Amino acid sequence: MSDFKPFNAPDGTLWGVEVSNPGSSNAMVLFHHPDGRTARKDRYAWYISTGPEARSVTGRLDPKKVFDSLEDRDLARLFRRSMLVSRAEPEPNLAIGSNPGI
């Protein structure tokens, strides 16, 4: 899905939202940071469906339908529960000579 839905976070940051990785009962909602230089600031949350697809192991959510159904209040709730896509790099432990950056 190439189109992003805009979401204005409480701090005023304008995020681009997309839906991917649909399953039978969930889909990943990605919040793309406007910086765009790196994905390190992007966030994700899981959209959980209670529709008929959720009761079928062979069913799949349609990402376009999920995308179109998300309203501002849904996005705000998902954003509050979102997590960073990438984890922070570990700090070097110079006491034991460990430096993962080398």
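**View 1. Helix α2 across the strands of the predicted model.** Helix α2 (residues 72-80) lies across β1, β2 (14-20), β3 and β4, and runs at about 65 degrees to β1. Axes are lines fitted to C-alpha atoms, for helices over the stretch in contact, and angles run from 0 to 180 degrees between N-to-C directions. Helices (H or I, at least four residues) and strands (E, at least two) are DSSP runs, numbered from the N terminus. This is a predicted model, in which local features need pLDDT of at least 70, side-chain atom pairs count only at pLDDT 80 or more, and totals for chains, interfaces and linings use all residues. Residues are numbered from 1 along each chain as its sequence is written, and side-chain values use heavy atoms, with hydrogens and water left out.

View 2. Asp 74, Leu 75, Leu 78 and Phe 79 are the buried residues in α2. They cover an arc of only 130 degrees around the axis, so they sit on the same side of α2; the arc is that of the directions from the helix axis to the C-beta atoms. Cover for these buried residues includes β1, β2, β3, β4 and α1. Asp 72, Arg 73 and Arg 80 are exposed, on the face of α2 turned away from its buried side. Buried means under 20% relative accessible area, exposed over 50%, and partly exposed in between (1.4 Å probe, protein chains only).

**View 3. The open sheet.** Five strands form an open sheet in the order β1-β2-β3-β4-β5, with antiparallel pairing. β1 (5-8) and β5 (83-84) stand at the edges with a single partner strand each, so one side of each has no neighbour in the sheet. Strand β3 (residues 26-32) pairs with strand β4 (residues 43-48) in the antiparallel sense over six bridges. Two strands pair if DSSP finds at least two bridges between them. Along the protein chain, from the N terminus on, the elements run β-β-β-β-α-α-β.

**View 4. Phe 31 in strand β3.** Phe 31 lies in strand β3 and stands opposite Arg 43 in β4. Its relative accessible area is 0%, so Phe 31 is buried. Not counting residues up to four places away in sequence, Phe 31 touches, among others, Phe 7, Trp 15, Val 17, Ala 45, Leu 75, Leu 78 and Phe 79. Contact means heavy atoms within 4.5 Å.

**View 5. The largest nonpolar core.** This core has 17 residues, and those with the most contacts inside it are Phe 7, Val 19, Val 29, Phe 31 and Leu 70. At least two of its residues come from each of β2, β3, β4, α1 (63-69) and α2. A nonpolar core is a set of buried Ala, Val, Leu, Ile, Met, Phe, Trp, Tyr and Cys residues joined through side-chain atoms within 4.5 Å. Leaving aside neighbours within four places in sequence, the contacts of Phe 7 include Leu 14, Trp 15, Phe 31, Leu 75, Ala 76 and Phe 79.

**View 6. Ser 20 in strand β2.** Ser 20 has its place in strand β2. Ser 20 is buried because its relative accessible area is 18%. Apart from residues up to four places away in sequence, Ser 20 touches Ala 27, Met 28 and Leu 30.
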